[in-house]
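User: Hey, can you walk me through how the ligand sits in this one? I'm still new to this.
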Amino acid sequence: MPASAPGTPVDAARERAVVAAVPTGLLVGGSWRDADRGATLAVDDPSTGDVLTEVADASPADALDALDAVLAAQAGWAATAPRERGEVLRRAFEITTERAEDLALLMTLEMGKPLAESRGEVAYGAEFLRWFSEEAVRAYGRWSTSPDGATRLLTMKQPVGPCLAITPWNFPLAMATRKIGPALAAGCTMILKPAAQTPLSALAFADILREAGLPDGVLAVLPSSRAGALVEPLLADARLRKVTFTGSTPVGKRLVAQAADNLQRVSMELGGNAPFLVFSDADLEAAVEGAVLAKMRNIGEACTAANRFLVHESVAEEFARRLAEKLEAMPVGRGTEPSTKVGPLITRQARDGVHELVADAVAGGATVLTGGEALDVPGSFYSPTVLTGVRADARLQQEEIFGPVAPVMTFSEDAEAVSLANSTEYGLVSYLWTRDVSRALKTAEALQSGMVGLNQGVVSNPAAPFGGVKASGFGREGGAEGIEEYLDTKYVGIRL
Ligand code: NAP
């Protein structure tokens with residue numbers, strides 16, 4: 001369908017057409033079908049609260065059907081030539097890129113983020129398909145001689161087997177492609193359970209994969225309103241060999257415990273509480289620009305969102321003032337409006353949760369430089385907020401804010417900054433701003449996080465290993481490491 005040019009408002013007919021084009025069934029065994037007993041699940045537009053459409057709502061019985069389907073397809077897909085697997089991904093990359101405008105609008109409608117950000121996510125999500133189309137032919141093994149010279153050691157990489165992927169609502173397409181891409185490249189089949197709030201992007205993408213030539217049964221997609229009940233019988237079945245999860249730390253811990261019984265492999269991309277360190281020698285203008293990106297990308301609803309701004313006392317006041325000016329100037333509104341920079345939060349409950357964190361900080365003595373309130377309009381909007389003077393025991397120092405709120409704290413010594421940065425159970429990403437190379441590298445080494453943004457406010461990159469330490473989980477997505485999560489290593493000892 002004709003896309004609106006970026007910058008023009010989207011009309012209601014186009015919105016309806018984009019939603020109507022999405023398959024609303026369960027994908028099982030290569031075809032779309034109704035859920036057990038015809039159950040459906042409503043998908044809402046968070047900027048209006050209106051229902052966009054209904055999709056099939058999978059039950060545990062549907063999950064077991066999907067498991068049968070991916071099991072049946074596993075051997076054939078593993079035996080498919082790596083080049084052929086890569087070419088399916090490459091075609092999917094091309095179709096996704098061609099349909100970027102429709103996919104972006106769909107994402108904005110179901111999730112709320114501004115259209116420009118949805119376009120960014122479609123491009124980012126598609127890059128995982130291109131990256132892993134190239135990695136499919138590079139699952140190398142090794143040949144070596146044992147140290148005593150007596151035997152030869154042949155090492156080979158083989159697909160782990162059928163996998164389960166569970167994804168969150170905040171990046172409805174990219175979190176799916178970041179898992180489906182490497183799994184398919186490695187020769188694994190997969191069941192995808194997208195978030196109940198945002199199944200449409202995943203369903204649209206699954207249809208693209210079929211069009212790209214993915215054989216029947218290799219991928220199953222099961223939107224469901226009963227995540228726990230759906231997943232339980234899958235993890236209880238030892239024929240499922242892996243679960244890869246992106247979401248909250250409590251759910252991740254539960255999945256690891258469930259996977260323990262059958263010792264299924266696990267990859268866990270969990271929550272974050274990113275520190276954003278600004279040293280006295282930083283380029284302050286660039287640090288403020290980086291802070292806007294690290295905080296406001298995805299309306300602050302990102303695991304990588306800067307949660308705690310730790311700024312040297314000599315520049316803290318100026319940093320906070322400039323950041324407040326930038327955030328105050330960001331228009332809040334429906335994501336389909338071209339001027340919007342800040343969309344709604346995913347639900348009213350999420351918005352109220354963000355406000356509770358702000359109220360707690362203010363009750364502890366914090367000052368609101370800008371924002372600090374929910375907008376009194378339909379939907380679930382929260383005003384971009386900057387707080388200063390936040391006490392160390394405020395809840396938002398330890399909990400993920402998941403909203404457009406920037407608390408600014410101060411430090412005086414480098415060691416204090418690192419200690420404050422590390423004083424959280426999480427360890428996904430840290431940001432640091434300095435022009436001193438030695439300070440930068442020493443600090444990067446000392447920070448307890450899987451990723452560090454050095455003078456940059458975004459770390460996500462398909463060619464880099466994305467992932468965390470501590471309560472942010474384990475496993476890496478993207479980079480040369482990404483495909484390894486879906487490969488087992490087998491060694492053959494050979495006496496010649
Ligand atoms: P969530 O509540 O943990 O949900 C994530 C997914 O898990 C959804 O598909 C959800 O289904 C499903 N789920 C919920 N309970 C489950 C259970 N008992 N068994 C199996 N699956 C279950 O997280 P969220 O609030 O949607 O997402 C935000 C979280 O994700 C944040 O903590 C954020 O930091 C994290 N995140 C991490 C990364 C990363 O790469 N590290 C990236 C993005 C987001 P329903 O939708 O039906 O609830």
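User: So how do the residues of the shell around the ligand divide into nonpolar, polar and charged?
Analyst: Keep in mind that this is a predicted model. The shell has 17 nonpolar residues, with nine polar and five charged ones making up the rest.

User: OK, and which residues are the closest to the ligand?
Analyst: Thr167, Ala196, Ser248, Leu270 and Glu400 are the closest, out of 31 residues that surround the ligand.

User: What does Thr167 do with its backbone there?
Analyst: A polar backbone atom of Thr167 is 2.7 Å from an oxygen atom of the ligand. Side chains get involved too: Arg178 has a polar side-chain atom 2.9 Å from a ligand oxygen, and for Lys193 that distance is 3.1 Å.

User: How much of the ligand's accessible area does the protein cover?
Analyst: On its own the ligand has 900 Å² of accessible area, and the protein covers 86% of that.

User: Which pocket is the ligand in?
Analyst: The ligand takes up the space of the largest pocket.

User: Switching to domains: which ones does the shell draw on?
Analyst: Domain 1 (12–271 + 473–492) and domain 2 (274–425 + 429–461) each give at least three residues to the shell.

Key:
Residues are numbered from 1 along each chain as its sequence is written. This is a predicted model: local features need pLDDT of at least 70, side-chain atom pairs count only at pLDDT 80 or more; totals for chains, interfaces and linings use all residues. Side-chain values use heavy atoms; hydrogens and water are left out. A residue is near a molecule or strand if one of its heavy atoms lies within 4 Å of it. A polar contact is a pair of N or O atoms within 3.5 Å; within protein, one must be able to donate a hydrogen and the other to accept it, and residues adjacent in sequence count only if both atoms are side-chain atoms. Accessible areas come from the Shrake-Rupley method with a 1.4 Å probe; for residues, only the protein chains shown count as cover. On a 1 Å grid over the protein atoms alone, a cavity is a set of points where a 1.4 Å probe fits but cannot get out, and a pocket is an open set with protein on both sides within 12 Å along at least five of seven lines; lining residues have an atom within 4 Å of a point. A molecule sits in a cavity or pocket if more than half of its atoms lie within 2 Å of its grid points. Ala, Val, Leu, Ile, Met, Phe, Trp, Tyr, Cys and Pro count as nonpolar, Asp, Glu, Lys and Arg as charged, and the others, Gly among them, as polar. Domain bounds come from an automatic or database domain assignment.
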